[in-house]
Amino acid sequence: MDWLEIIDKKNSSKYLVLAVYINLENMDDNTRSSVLKDMELEFFPNDNNHTHYYNIIYSENLNRGDAQSRTNYDPATVKGIELNDNLENIDEIKHKIRDLILRNSLTEYVVTRDKNSNNTILILKRTNGESIGVYHCRHCAMEFDDEIQLGSHLRMHYFI
Ligand SMILES: [Zn+2]
């Protein structure tokens, strides 16, 4: 049993170094669909068929779907995107996604690291984010630890 655990740990840490996962499960279908297009523009490389850098992850029940449904995919079945990037780049990737969300004025969403999974970036409803202690400015996406700090920062935007 010990031996198996060691193997598992090795595999999972290898996995963590190689891939960054962007969790899109908490988004509305329409918003997810438009964000997916922007993600492709931002992250999809020309040589993806060699590098397999950009991978769309579908909900499990679609795994047995035919090839047709994969080419004309329904954004509603997309769970997230996996980027075969080094984990060291995760904050840079997070910032790019955050900028993309700001550009599209999707102020009801926040972009944050998943505290339970160090290779995962979450796009969350702002209200859900606040319930787990994520307070981001809707104007500039600066991050705060609590509502009070965010509140005084927000007032600054109104005075400038
Ligand atoms: Zn701000």
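In which loop does Ala-141 lie? Keep that in mind; the tour gets there at its last stop.

**Before you start**

This is a predicted model, where local features need pLDDT of at least 70, side-chain atom pairs count only at pLDDT 80 or more, and totals for chains, interfaces and linings use all residues. Residues are numbered from 1 along each chain as its sequence is written.

**The whole chain**

Begin with the protein chain in cartoon view. Its secondary structure comes to 7 helices and 7 strands; these are DSSP runs numbered from the N terminus, helices being H or I with at least four residues and strands E with at least two. Follow the chain along its sequence and the pattern reads α-β-α-α-β-α-β-α-β-β-α-β-β-α. Of the 160 residues, 16% are buried. Buried here means that 20 or more other C-beta atoms lie within 10 Å of the residue's own; with 12 or fewer a residue is exposed, in between it is partly exposed, and C-beta atoms are placed from the backbone.

**Colour by confidence**

Next, colour by pLDDT, the predictor's confidence in each residue, from 0 to 100. The protein chain has a mean of 85, and 79% of its residues reach 70 or more. Confidence is lowest in helix H1 (residues 2-18), at a mean of 48, and highest in E1, at 97. Now select residues 1-8: their pLDDT is below 50, and beyond near neighbours in sequence this stretch has 0 contacts in the model. A contact needs C-beta atoms, placed from the backbone, that lie within 7 Å. Where pLDDT is low, the predicted coordinates should not be read in detail.

**Helix H5**

Select residues 90-103. This is helix H5, with 14 residues, and it reaches 20 Å from its first C-alpha to its last, close to the 20 Å expected at 1.5 Å a residue. The expected span is 1.5 Å times one less than the number of residues. Show the side chains of Ile-90, Ile-97, Arg-98 and Ile-101, which are buried. Looking down the axis of H5, you will find its buried residues within an arc of 105°, so they line one face of the helix; the arc is that of the directions from the helix axis to the C-beta atoms. Turn to the other side of H5 for Glu-92, His-95 and Arg-103, which are exposed. And what covers the buried residues? The cover includes strands E1 (20-23), E4 (109-113) and E5 (120-125).

**Strand E1 and its partners**

Stay with E1. Two strands pair if DSSP finds at least two bridges between them. E1 runs antiparallel to strand E3 (residues 78-83), joined by 4 bridges, and Asn-23 stands opposite Gly-80 in E3. With E5, E1 pairs in the parallel sense over 3 bridges; find Tyr-21 and its bridge partner in E5, Thr-120.

**Two loops with a positive phi**

Most residues other than glycine have a negative phi. Click on Ser-105, in the loop between H5 and E4: it is not a glycine, yet has a positive phi of about 50°. Ser-105 is exposed, with 8 other C-beta atoms within 10 Å.

Now for the opening question: Ala-141 lies in the loop between strand E6 (135-136) and strand E7 (143-144). Its phi is near 65°, again a positive value in a residue other than glycine. With 16 C-beta neighbours inside 10 Å, Ala-141 counts as partly exposed.

Notes:
Contact = placed C-beta atoms within 7 Å.
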